[in-house]
Amino acid sequence: MPRRRKRPSSRKPVTFAPIGTPSNDSPTTTSTSPASLPGPGRKGRAGKSTFNPKPHASLIATFHAANKNLAAARQRGDGAEVAALEAQLEGMGGIERYQRNSLKGEDLRSTNTSKWLLKKLVEQGCRPEEGRGPLVLLDVGALRVNYSKVGWIDADAIDLNSQASGITEVDFFDFAPSHRADKRPYDVVALSLVVNFVPEPKKRGEMLRRSVGLLKPGGTLFLVLPRACVDNSRYVTDVSLKAILTSLGLEVTLSHLSAKLAYYVLRLAHPDRHRAPDRAVFKRALLRPGATRNNFSIGLPE
């Protein structure tokens, strides 16, 4: 009996592209999936309910682009444009809908990075010995309470628009750790898929600088970006990003590129460098031209 020929797979590889047109500033990851995949509310092969990630990725990308354009309009003082973009964001459901879609996408793609961070903290010998106090961790831009069941972590979770009890609603740029009774600096600050959401390059650099200021000497900064931020940007490469981080007194102890994300684990080796008046200044400079690249960048002004 002749063997049946295997039908070629219709599954397409994951691709990365800038948001919208090449002028957009914040890259995102998008995936293509065959039309035969189950849609919303349908059952997959294992009988589990699944949904198509494309609408969620599209809304997140559009929200990022509109948010970036809104920041630019405010900087220009263009009141009409600000009003139009605010209305667009409100019509999209505002930040609440953005966060719901981020959570759905996180569940679907398994991009919750807290487990990866915990594993690396253990591997690098950061887990406290028995009898010592827990590590104090700040989880910035938390969509869920990630560390509540980890006995050796005492976590403060914050977000601009809290979606769960246990997450303090506060703007990171207004945040100070003085609310802690022990006034301890943080052993770990986690910036997972949050820097790329900040609309302005200088504010992204300021977020990194402030995060370093919240760490104790020898503390750990955990940074996660969409991979497109470092391998498809005109203005940021893996090398240039590491130079920015090093200029803030951080030492790269681990970096890893997955199919979709770029991970960095950093140790605060030089606690005063981020405050030094003669520290390095980073302005946007073309490093990798190309029509299909995105405009993601990070600035460190004087």
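Ser148 is exposed, with a relative accessible area of 57%; exposed means over 50% relative accessible area, buried under 20% and partly exposed in between, with a 1.4 Å probe and protein chains only. Ser148 sits in the loop between β3 and β4 (153-159). The C-alpha atoms of Ser148 and Gly166 are 9.0 Å apart, while the two residues are 18 apart in sequence.

The model is predicted: local features need pLDDT of at least 70 and side-chain atom pairs count only at pLDDT 80 or more, whereas totals for chains, interfaces and linings use all residues. Residues are numbered from 1 along each chain as its sequence is written, and side-chain values use heavy atoms, with hydrogens and water left out.

**The sheet**

- Seven strands make up an open sheet with mixed pairing, in the order β5-β4-β3-β6-β7-β9-β8. Strands (E, at least two residues) and helices (H or I, at least four) are DSSP runs numbered from the N terminus, and two strands pair if DSSP finds at least two bridges between them.
- β5 (167-169) and β8 (250-257) are at the edges; each has a single partner strand, so one side of each has no neighbour in the sheet.
- On average, neighbouring strands of this sheet are turned by 20° against each other, direction ignored. Axes are lines fitted to C-alpha atoms, for helices over the stretch in contact, and angles run from 0 to 180 degrees between N-to-C directions.
- β7 and β9 are paired antiparallel over seven bridges.
- Leu223 has Tyr264 in β9 opposite it.
- Helix α5 lies across β3, β6, β7, β8 and β9, and runs at about 150° to β7.

**Nonpolar cores**

- The largest nonpolar core has 36 residues, and the members that touch the most others are Leu138, Val189, Leu191, Leu208, Leu223 and Leu241. A nonpolar core is a set of buried Ala, Val, Leu, Ile, Met, Phe, Trp, Tyr and Cys residues joined through side-chain atoms within 4.5 Å.
- Elements giving two or more residues to this core include the strands β3 (135-140), β6 (186-192), β7 (215-226) and β9 (261-268), and the helices α5 (201-214), α6 (228-231) and α7 (238-247).
- A second, separate core has 17 residues, among them Trp152, Val188, Ala190 and Tyr263.
- Which residues does Leu138 touch, not counting those up to four places away in sequence? They are Asp156, Ile158, Phe172, Phe175, Tyr186, Val188, Val189, Ala190 and Leu214, where contact means heavy atoms within 4.5 Å.

**Salt bridges**

- Side chains of opposite charge can pair when their charged atoms come close.
- The structure has nine salt bridges, each being a side-chain nitrogen of Lys or Arg within 4 Å of a carboxyl oxygen of Asp or Glu.
- Lys216 forms a salt bridge with Asp187, with the closest N and O atoms 2.8 Å apart. This pair links distant parts of the chain, as Lys216 is in strand β7 and Asp187 in strand β6, 29 residues apart.
- Arg184 also forms a salt bridge with Asp187, and here the closest N and O atoms are 3.0 Å apart.
- Asp187 is buried at 5% relative accessible area, while Arg184 is partly exposed at 30% and Lys216 is partly exposed at 34%.
- Asp231 and Arg227 meet through their side chains in a salt bridge of 2.6 Å, N to O. Asp231 is partly exposed at 30% relative accessible area, and Arg227 is partly exposed at 24%.

**Aromatic pairs**

- A search of the whole structure gives three aromatic pairs. Rings of Phe, Tyr and Trp (its six-membered ring) pair if their centres lie within 6.5 Å; planes under 30 degrees apart count as stacked, over 60 as edge-to-face and the rest as tilted.
- The ring centres of Trp116 and Phe222 are 5.8 Å apart and the planes are at 20°, so this pair is stacked. Trp116 is in helix α4 (residues 114-123) and Phe222 in strand β7, so the pair ties together parts 106 residues apart in sequence.
- Both Trp116 and Phe222 are buried.
- Phe172 and Phe173 have ring centres 5.7 Å apart and planes at 80°, so this pair is edge-to-face. Phe172 is buried at 6% relative accessibility, and Phe173 is buried at 16%.
- One aromatic cluster is formed by Trp116, Phe222 and Tyr263.
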